[in-house]
Amino acid sequence: MTGLMETLILLIEPTALAVMLVYAYSLINRSVRATLSVNLVMGLIFGLATIVAMSSPIFIADGVVIDIRNLFVGVASAYFGFAGGLLALLIGCLARFSIGGTGMMLGFAGMIAAFVMGQLWSKYVQPRISDDQKSAAILSAMISTYVLLGAFLPEPLRTTFFYEAAPTLIVANFAGCFILCNLITREQRLLRETNELVNAARLDPLTKLHNRNSAVAAYNALTDPPAIGVAMLCIDVDKFKTINDTHGHLAGDGVLVNIAKRVASCLRSHDIFARMSGDEFLVVLHDLTNQQARAVAERCRKSVQDAPIVCDGKVVEASISIGLAWSRDLPGFETLRAQADGALYEAKEQGRDRVGEWLMQMA
């Protein structure tokens with residue numbers, strides 16, 4: 001009964017705190033885009049949990065205490081990368097240093113061991129085991145290996161540790177690890193599903209570019225007038241129906257994906273690139289002159305013209321026609337698109353595989 005009570009004392013307060021903070025994980029993930037930032041914030045949170053764990057220890061001798069700080073270091077290392085785990089480790093070591101005592105060096109070694117085990121688990125165990133419960137059990141066992149450091153304690157502390165403290169620590173680690181792993185895994189799964197739904201709503205499933213609605217929203221988000229000008233390119237694959245009829249629709253899809261990659265390589269990271277429908281693409285270029293927009297359009301055209309496309313073992317000759325509209329202001333999306341679409345029509349009328357130039361005179 002005493003061992004059970006000790007386990008509950010070790011586990012309940014810091015784990016209750018961690019449970020609340022894991023729920024904060026989902027809020028942080030939804031508000032912070034950068035993975036490193038999320039990992040550092042969670043490393044800080046789990047580092048603070050190590051301090052809470054050390055505030056309710058069980059003393060087995062003067063300066064030798066046991067608690068479940070290593071659980072939080074190990075879980076942070078396993079789920080929040082090297083940076084998050086390292087931050088939790090540093091906070092835990094600073095807190096243990098403030099306590100002092102003869103067991104301080106072993107305390108440091110235990111946290112370092114938990115950190116290393118978390119890293120090994122994330123790189124070599126988690127990717128190979130799909131069963132969440134089995135994966136959590138292995139992580140629990142790996143983190144708990146730090147109890148072997150008790151062999152370095154002098155007698156009679158060594159015997160006391162292994163017979164009285166170690167079983168309590170192992171039970172607490174397994175219970176806490178299962179709680180934390182299941183909560184974190186559930187939150188990560190929910191976030192992945194949410195991101196997949198968001199991406200499905202805004203991305204073209206074939207090319208992974210913006211779809212029409214997403215392109216319009218991204219353009220409307222450009223609320224400030226451009227410092228130089230804004231350009232829109234309407235891009236159409238020449239004789240795409242012939243490509244489908246000759247090589248099949250699977251090859252046609254491959255042509256669209258390949259053209260999307262080639263055009264994307266000619267654009268800046270912040271340019272808006274979308275597949276509007278079928279073989280029609282659209283590009284929005286912000287803050288550049290009409291001459292610069294023309295140069296970008298020519299690069300896009302030549303990227304497709306310069307080399308044939310190989311799809312499913314078939315060599316496909318493809319080209320694109322481009323209509324360009326440029327404005328010093330920021331007109332409505334449909335207004336600018338109508339101008340670019342008119343330029344595209346002229347380019348096709350003039351023989352395809354070219355950039356519509358007549359609208360350039362309106363710039």
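Tutor: Helices here are DSSP runs of H or I with at least four residues, and strands are runs of E with at least two, all numbered from the N terminus. By that rule the chain has 12 helices and 9 strands. This is a predicted model, in which local features need pLDDT of at least 70, side-chain atom pairs count only at pLDDT 80 or more, and totals for chains, interfaces and linings use all residues. Residues are numbered from 1 along each chain as its sequence is written, and side-chain values use heavy atoms, with hydrogens and water left out.

Student: Where is D353 found?

Tutor: D353 sits in the loop between helix 12 and strand 9. R352 is found in that loop too.

Student: Why is R352 called partly exposed?

Tutor: Buried means under 20% relative accessible area, exposed means over 50%, and partly exposed is in between (1.4 Å probe, protein chains only). R352 has 33% relative accessibility, so it counts as partly exposed. D353 has 22%, so it counts as partly exposed as well.

Student: What is the phi of R352?

Tutor: Phi of R352 is near 70°. That is a positive value in a residue other than glycine. Phi of D353 is near 50°, also positive and also not in a glycine.

Student: What makes helix 3 largely enclosed by the rest of the structure?

Tutor: Count its buried residues. The score is 11 of the 11, so helix 3 is largely enclosed. Among the buried residues are R69, L71, F72, V75 and Y79. For the whole chain of 363 residues, 48% count as buried.

Student: What comes just after helix 3?

Tutor: G81, with a positive phi of about 75°.

Student: Why is helix 3 called roughly parallel, not antiparallel, to helix 5?

Tutor: Start with the axes. They are lines fitted to C-alpha atoms, for helices over the stretch in contact, and angles run from 0 to 180 degrees between N-to-C directions. Helix 3 (residues 69-79) and helix 5 (residues 104-125) have axes that come within 7 Å and cross at roughly 30°. Angles under 35 degrees count as roughly parallel, over 145 as roughly antiparallel, 65 to 115 as roughly perpendicular and the rest as oblique. So helix 3 is roughly parallel to helix 5.

Student: Which residues of helix 3 meet helix 5?

Tutor: They include R69, N70, V73, G74 and S77. Contact means heavy atoms within 4.5 Å. On the helix 5 side, G107, M111, F115 and W121 are among them.

Student: How do you know how helix 2 runs relative to helix 3?

Tutor: Helix 2 (residues 35-54) packs against helix 3 at an angle of about 170°, with the axes 8 Å apart. The two helices are therefore roughly antiparallel. The contact involves residues including F46, A49 and A53 of helix 2 and F72, V73 and A76 of helix 3.

Student: What is the order of the strands in the open sheet?

Tutor: The order of the 5 strands is 4-5-3-8-9, with mixed pairing. Two strands pair if DSSP finds at least two bridges between them.

Student: What makes strand 4 and strand 9 edge strands?

Tutor: Strand 4 (272-277) and strand 9 (355-356) each pair on one side only.

Student: How do you know that strand 8 and strand 9 pair?

Tutor: They have 2 bridges, and they run parallel. I322 stands opposite V355 in strand 9. Strand 3 (residues 230-237) and strand 8 (residues 320-327) pair over 8 bridges, in the antiparallel sense. There D236 stands opposite S321, and V230 has S327 as its bridge partner.

Student: What packs on the sheet and touches strand 9?

Tutor: Helix 12 (residues 333-349) does, and it also touches strand 3, strand 4, strand 5 and strand 8. Its direction makes about 140° with that of strand 8.

Student: How many residues lie between strand 4 and strand 5 in their hairpin?

Tutor: There are 2, and G278 in the turn has a positive phi of about 50°. The two strands pair in the antiparallel sense over 5 bridges. R275 stands opposite F281 in strand 5.
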